[in-house]
Amino acid sequence: MSIEEHAGPAGSRRLAADHALALAEQRDRYALTLESLLATLRSQRLDDRAARTIAVDVAAGALVGLRTHNDEQGAGLEPVTGAFERLRGDLRPLVRYSELDVQFVEPPANGRALPGVIAHSARSIVRSTVLAIVDRGETRRVRIQWDCDGLNLLIAIRDDGRGDLTTHDDALRPIAEQVSALSGDLSVASTPGWGSEVGIRLPLDPPAEPGDLPDAIDASPRERDVLRLVSAGRRNREIAATLNVSENTVKFHVSNLLRKSGAASRAELAAIVRG
């Protein structure tokens with residue numbers, strides 16, 4: 001019997017989600033390394049010899065990080081200040097010799113320690129967002145802030161770009177999916193000509209996976225995503241933001257789930273799932 005068969009449907013989904021997160025993390029690290037190398041080689045402040053030396057150091061550091069990443073992934077707990085300092089280190093090669101000014105607002109020193117998967121994912125999400133901002137161009141300053149409210153890690157990433165970023169932007173889609181996989185929320189507030197702010201909430205204690213609908217009920221993968229959030233007590237607006245879809249789409253999926261399950265209300269639907 002395979003691991004997936006032994007784990008059952010819920011376990012298989014968890015394995016698939018973990019695999020997707022690992023791939024996103026690797027892709028993000030590769031992109032960050034390449035951006036850092038390009039920033040170094042393009043720098044007007046370095047001569048050819050210095051640029052080559054620094055580029056070699058960046059590449060060597062990336063290789064070391066890649067070799068140790070699997071050992072770090074999912075490690076127990078990490079102080080929030082320590083995780084934030086490691087984020088600084090992740091971004092240092094990118095910003096040191098580029099024109100991008102990255103400002104860091106420290107999280108509270110007494111903030112709750114982060115579960116390993118949240119600490120790693122938070123750094124990955126911030127790196128991906130910064131890279132997405134850099135790719136859009138016309139951004140000279142980025143402000144990164146972490147905070148904790150005891151239950152959630154709160155991330156704010158502010159830029160001084162064109163101010164036309166939205167939650168439906170293609171560059172944010174993989175980031176939104178990563179946040180959704182952690183039962184978090186992503187929002188974007190933009191002001192034309194003044195910049196955009198990406199807000200992210202990551203629960204430190206993600207809700208337990210809901211049970212499956214009865215086998216006789218045929219629900220699509222997207223309907224099951226909606227179902228998971230309904231059973232966690234989320235409203236349509238929150239579900240739409242998490243899944244990066246419209247509220248009307250959420251209403252459509254909820255109506256289908258009610259019809260397929262025979263439930264008379266959202267509460268009854270959630271009760272069916274929780275068994």
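Helices (H or I, at least four residues) and strands (E, at least two) are runs assigned by DSSP and numbered from the N terminus. What you see is a predicted model, in which local features need pLDDT of at least 70 and side-chain atom pairs count only at pLDDT 80 or more, while totals for chains, interfaces and linings use all residues. Residues are numbered from 1 along each chain as its sequence is written, and side-chain values use heavy atoms, with hydrogens and water left out.

**The whole chain**

Colour by secondary structure to begin: the chain has 9 helices and 7 strands. Of its 275 residues, 43% count as buried (under 20% relative accessible area; exposed is over 50%, and partly exposed is in between, using a 1.4 Å probe and protein chains only).

Contact here means heavy atoms within 4.5 Å. Take the contacts between residues at least 6 apart in sequence: 68% of them join residues at least 24 apart.

**Stop one: helix H4**

Select residues 116-136, which form helix H4. Arg-123 belongs to this helix. Is Arg-123 buried or exposed? It is buried, because its relative accessible area is 2%. Show what surrounds Arg-123: setting aside neighbours within four places in sequence, its contacts are Glu-78, Ala-83, Arg-86, Leu-87, Asp-90 and Trp-146.

Slide along H4 to Thr-129. Thr-129 counts as buried because its relative accessibility is 0%. Which backbone oxygen does its side chain reach? That of Ile-125, at 2.8 Å. Not counting residues up to four places away in sequence, Thr-129 touches Ile-157, Ile-175 and Val-198.

**Stop two: the cores**

A nonpolar core is a set of buried Ala, Val, Leu, Ile, Met, Phe, Trp, Tyr and Cys residues joined through side-chain atoms within 4.5 Å. Select Leu-114, Ile-144, Trp-146, Leu-153, Ile-155 and Leu-202: of the 36 residues in the largest such core, these touch the most other members. At least two residues each come from helix H3 (80-96), H4, strand S4 (141-148), strand S5 (152-159), helix H5 (173-181) and S7. H4 gives the most, with 8 residues.

Zoom in on Leu-114. Beyond its neighbours within four places in sequence, Leu-114 has contacts that include Gly-76, Leu-77, Trp-146, Cys-148, Leu-153 and Leu-204. Another core lies apart from the largest one; it has 13 residues, among them Leu-227, Ile-239, Ala-240 and Leu-269.

**Stop three: the strands**

Now pick strand S6 (residues 185-191) and strand S7 (residues 195-203), an antiparallel pair joined by 7 bridges. Two strands pair if DSSP finds at least two bridges between them. Asp-185 has Arg-201 as its bridge partner in S7, and Thr-191 has Gly-195. This hairpin has 3 residues between the strands, and Gly-193 takes a positive phi near 85°.

Bring S5 into view as well: 7 bridges join it to S7, and the two run antiparallel. Here Leu-154 stands opposite Arg-201.

Step back to the loop between H5 and S6, and click Ser-183. Most residues other than glycine have a negative phi. Ser-183, though not a glycine, has a positive phi of about 60°. Ser-183 is buried because its relative accessible area is 8%.

Select helix H6 (residues 221-231), whose buried residues include Glu-223, Val-226, Leu-227 and Arg-228. Just past H6, Gly-233 has a positive phi of about 85°.

Move on to helix H7 (residues 236-243), where Asn-236, Ile-239, Ala-240, Thr-242 and Leu-243 are buried. Look down the axis of H7: its buried residues fall within an arc of 165°, so they line one face of the helix. That arc is taken from the directions from the helix axis to the C-beta atoms.

Conventions
A polar contact is a pair of N or O atoms within 3.5 Å; within protein, one must be able to donate a hydrogen and the other to accept it, and residues adjacent in sequence count only if both atoms are side-chain atoms.
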